[in-house]
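The sequence and structure come first.

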Amino acid sequence: MSTILEIKNLAKTYKSGDRHLTVLEGINFTLNAGDTCSIVGPSGSGKTTLLGLCAGLDRASTGSVILNGIKLDNLSEDERAQVRNQYVGFVFQNFQLIPTLTALENVMVPLELRGERNVQKQAMELLGRVGLAERHDHYPTQLSGGEQQRVSLARAFSNRPTILFADEPTGNLDEETGEHVEQLLFDLNREAGTTLVLVTHDLELAEKTQRIIRIKGGHVVSDTGAPEIIATRDAEQ
Amino acid sequence: MPDIKIKPEDKPKLRLRWLLKMAWRDTRRNRGKLLLFLSSIVLGIAALVAINSFRESLHDAIDSKARTLIGADMVIGMNKEPDSLALALVDSVKNLGVRSDENRLLSMVYFKRTDDTRLVQVRALEGSFPYFGSIETEPKEASRTFRQGRRALVDHNLMLQYNAQPGDSIRVGEMSFEIAGALHKIPGQSALTATVAPAVYIPRQYLPETGLMQRGSRVSYYYYYSLPPTVNPDTLGKRLDPRLEEYGMFYDTVETRKKSMGRAYDDLARFLGLVGFVALLLGCVGVASAVHVYIREKLATIGILRCLGMSGKQAFLIYLFQVLGMGLLGGLAGAVLGSIVQLVLPELFKSFLPVDVEASFSWLAALQGILLGGVVSVLFALLPLLSIRQVSPLITLRASVEHLTSQKDPLRWGVYALLFLFILLFSRWQLGTWWQALAFAGGVVAAFAILAVLAVGLTWVVRRFFPSHWGYVWRQGLANLYRPNNQTLLLTVSIGLGTALIGTLYLVQRTLLSDVAIAGSANQPNLVLFDIQNSQKEEVLQITKQDSLPVLQIAPIVSVRLDKVNQLTGADVRKDTTLGIPPWLFTREYRITYRSKLINGEETAAGEWKGKYDGIQALIPISLEDRYAERIKVKLGDTLVFNVQGAPVSTRVAHLRTVEWNRVQSNFLVVFPEGVLEEAPQFHVLMTRSKDDAQAARFQRRIVDRFPNISAIGLDLILQTLDEVVSQISFVIQFMALFSIATGLLVLIGSVNVSKFQRVQESVLLRTLGASRRQIFSITSLEYLLLGALAAATGLIISIGAAWALSVYSFKVDFAPVLWPLAVIFVLVTLLTVIVGLLNSRGILVRPPLEVLRREA
């Protein structure tokens, strides 16, 4: 299996006045093609910062991020943008659809950015896959939260990414809708063979991934398969 | 693991077509906001398009009607009686074609029907002038019939003023004429010159009989020529010029008149164009602020696009295209509006124009307007647009991340340089000279800088000395001035600049008018009699006393010419231009006086004034006005030789005086001591002060009745005439300033409106936490009150400085600041700011917080 994401001795420090605040330190892990992994931890533990670094949205203070064989550390923001466009998909807690674009146009954007042709057909297929083909000309404000997240899923898979980062994908949805979106996320991921990195508070959702990395205070406190985590939790209870 | 690297050839292309499409898509929910920013440049562009279109129409009109500008192929003129040599010269030109002669002089005329007298310009015409164009009269045939007997053409305004009708009698000097008709238009005269000196035309053969050609009378001589096609008037003029200059004559042809007229009207158009440009600059501040807020609202979208792989340059271009598109649209709207406005300009400028101008659509001006809209929008939006390149994709994960670091962007300096360069080049285009352009651009930058420094200083001071023990409303209102997303800088600059402009225009206008009004103050003469002959002096003094009028000044006047300055003659000066002495000093006629003392309004600048010539010194000690001495490059002790009616009189500069020229009295460049010119041919000027119009009219009638050659002019008439002239000019300036004021208002509304978004959330939060409507109202009022007051006060201080500089350096008059109108402007601008601020916030005040939150979301 090929390595898709390799994290080596990753640390992130922020300067706040005269103080240096270390948010992440000594993070190491590797993900292979097709892996599914959750990053869990309490609020302020550094989960989202880690996701941002892994996806090339931010730059580490020390350590390395190698994504699809490309070392992100020394790339400029524009070069990292290119990497994201070619290999990365995103799903956000608050959907992050562009409000001035229709559902279809939102899905088309990553493909259009790559300069691909006939993108409308591909985007429509994806919208059909998430059950929103008939609402393709609706703007985000005309869609419910669940529908917006489904559009967001279609957009995340539109550029056929090798790795998908999802930040609390069901955090803003009610339980029923959340389950539907979860189902879609895993189905699409399986069909595309994409590596999935999920940041969540929801342990039940995390259980559905093969691997769970637990973070606390900026450090990895455990890196296990999902059943082990559940066993630990049951033991604690 | 595949070895994939980012290679240069993999770099994504810009995909301009797609970016244009994205730019269009992205405007979908923001077109209202974009329209707002577009509106702020529309008026400025409209003003410029209107003025430039009008300028083009005027040039076309001058070109097509060029020959009617002077009504002849060539005109030769002089301001003194031609001697035999000069006459020989004008006769030699007559041999080439046909000639009409005209004499012009100022004189009183007497309207018999209303028993009124009035100073007019009498024009005695002989020949069939005009050769091109026509004299427009009512009745039409009067332009022809007045030449056939003792008939006169009278300016139509005078006819109205004195209720005169064709067939009435008018007395000019000692002779009565029947009014043949009202004069509406004659080639070479604009309505404005007719206002200053309304004309009465009489046949020239009767001029000697009027008795107006007395010694010392200021008579001008004009010779109009119609030349055959074989004679080129300009070639002829150039050939004759040295001799004409030598005899103190000048010439005009269609071409020279076109040039000088074109220049004069270009100057006016340039000045008005500049007023329009200031309106545009003000609008540009609005553009910059609107784009700044627009981009802030777009940060989330930009973050998403960056996250999905868009490069900084691509994101930048999307919004650049939007701004460019809106700018071009604004330019188009401005061009349309300007093209409509220019239709009214010929009517507005009517009194200034020598020819009828038909407004016509100017493609060039419209195109310039559209392009200008695009260029200024992009230029002034560049600063906020640059920040797009710095937007981090992390914003998608954390809204609280510090996304903009553009303050450190070195490209900002390049943008500042570009902005200055643009203002400089545009001013150069409008003004025509580099130093004027530099002064204007420097002034604009200084005004911006002062206001910006003030705004930054204010936020610093409020923060540094924050009155923490004050009441909640005050603290909240004050804190709004410096908290993140505050509008202090933007509002201070836009309101301050608008106020500065309005204040400057007003102050300059008041200064120009007050310079005239000073002369009307108490104890100053308000009635002047001139052309009093020696033989008439005693009787005039007697009549004055009989009418209980004071003799405030009576001055003898002698006409002289300057022959030599420090042994240099006019010919020497013409040969050696490095001397810097203007040759016309030797050809003009001087009216000088003699007296022993200085009078009110005069002060010694250098030397000593003895006042009486003892006959011992070889050179007569004289006094010169100091600025005149500077012009002819002489100092104390230098020698001048004057030609007094043919006799050379050698003098020495013994005294220099400063003179208050705006006083109503006879002021002189050259004053001789007593004991030299008493026997020279001379006439007198008498100054008096009447209690009221009735007394003045009675006195004038008596004088004119007894001595028709004597002219009387009332200060009221001068003031009234100047007021009319200044009013006409200021009306045009105010019309153009309206564009700036309206733009300032739009920018103010725009600025307050764009800040609304930032204020809404805070205010709603406060209301949710229990703040009353009244408290929110007070906080908002206080914030805008402080901003409005501070910006208006600074703007007015800038306007005082600018108006002072314009008055002193450009108009060469003493600056007369008037404070109460400024106080009115201050109150109005401050109130307007508060009202606009409150109107924009009214939605928050009257609706439940939840509804507002939902709407704004």
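What percentage of the contacts in chain A with a separation of 6 or more is accounted for by residues 24 or more positions apart? The figure is 68%, where two residues are in contact if their C-beta atoms, placed from the backbone, lie within 7 Å.

This is a predicted model, in which local features need pLDDT of at least 70 and side-chain atom pairs count only at pLDDT 80 or more, while totals for chains, interfaces and linings use all residues. Residues are numbered from 1 along each chain as its sequence is written, and chains are lettered from A and ligands numbered from 1 in the order in which they are written.

**Chain A**

Chain A has eight helices and ten strands; helices (H or I, at least four residues) and strands (E, at least two) are DSSP runs, numbered from the N terminus. A compact globule of 237 residues would have a radius of gyration near 18 Å, and chain A agrees because its own value is 18 Å. That radius is taken over C-alpha atoms, and the globule rule is 2.2 Å times the number of residues to the power 0.38. Along the principal axes, the C-alpha atoms of chain A fill a box of roughly 50 × 45 × 40 Å. Of the 237 residues in chain A, 49% are buried. A residue is buried if 20 or more other C-beta atoms lie within 10 Å of its own, exposed if 12 or fewer, and partly exposed in between, with C-beta atoms placed from the backbone.

In chain A, an open antiparallel sheet of four strands has the order β2-β1-β4-β5. Its edge strands, each pairing on one side only, are β2 (19-32) and β5 (70-71) of chain A. Strands pair if DSSP finds at least two bridges between them. Ten bridges link β1 (residues 3-16) of chain A with β2(A) in the antiparallel sense, and T3(A) has N32(A) as its bridge partner in β2(A). Helix α1 (residues 47-54) of chain A lies across β1, β2 and β4 (62-67) of chain A, at about 125 degrees to β1(A). Axes are lines fitted to C-alpha atoms, for helices over the stretch in contact, and angles run from 0 to 180 degrees between N-to-C directions.

**Chain B**

Chain B is divided into domain 1 (12-68 + 268-426), domain 2 (101-209) and domain 3 (551-688), with bounds from an automatic or database domain assignment. The C-alpha centres of domain 1 and domain 2 of chain B lie 54 Å apart.

| Partner strand | Bridges |
|---|---|
| β9(B) (residues 219-226) | eight |
| β3(B) (residues 116-126) | eleven |
| β6(B) (residues 169-172) | three |

S100(B) stands opposite Y224(B) in β9(B), S107(B) opposite V120(B) in β3(B), and F111(B) opposite I170(B) in β6(B). Four residues lie between the strands in the hairpin of β2(B) and β3(B), where D115(B) takes a positive phi near 60 degrees.

I170(B) is also among the residues touched by F177(B), along with R150(B), R151(B), A152(B), V172(B) and I202(B), leaving out residues up to four places away in sequence. F177(B) is found in strand β7 (residues 175-185) of chain B. F177(B) counts as buried because it has 24 C-beta neighbours inside 10 Å.

**Between the chains**

Contacts between the chains involve 30 residues of chain B and 32 residues of chain A. On the chain B side, α1 (16-26) and α11 (299-307) of chain B are the elements that give two or more residues, and α11(B) gives the most, with four residues.
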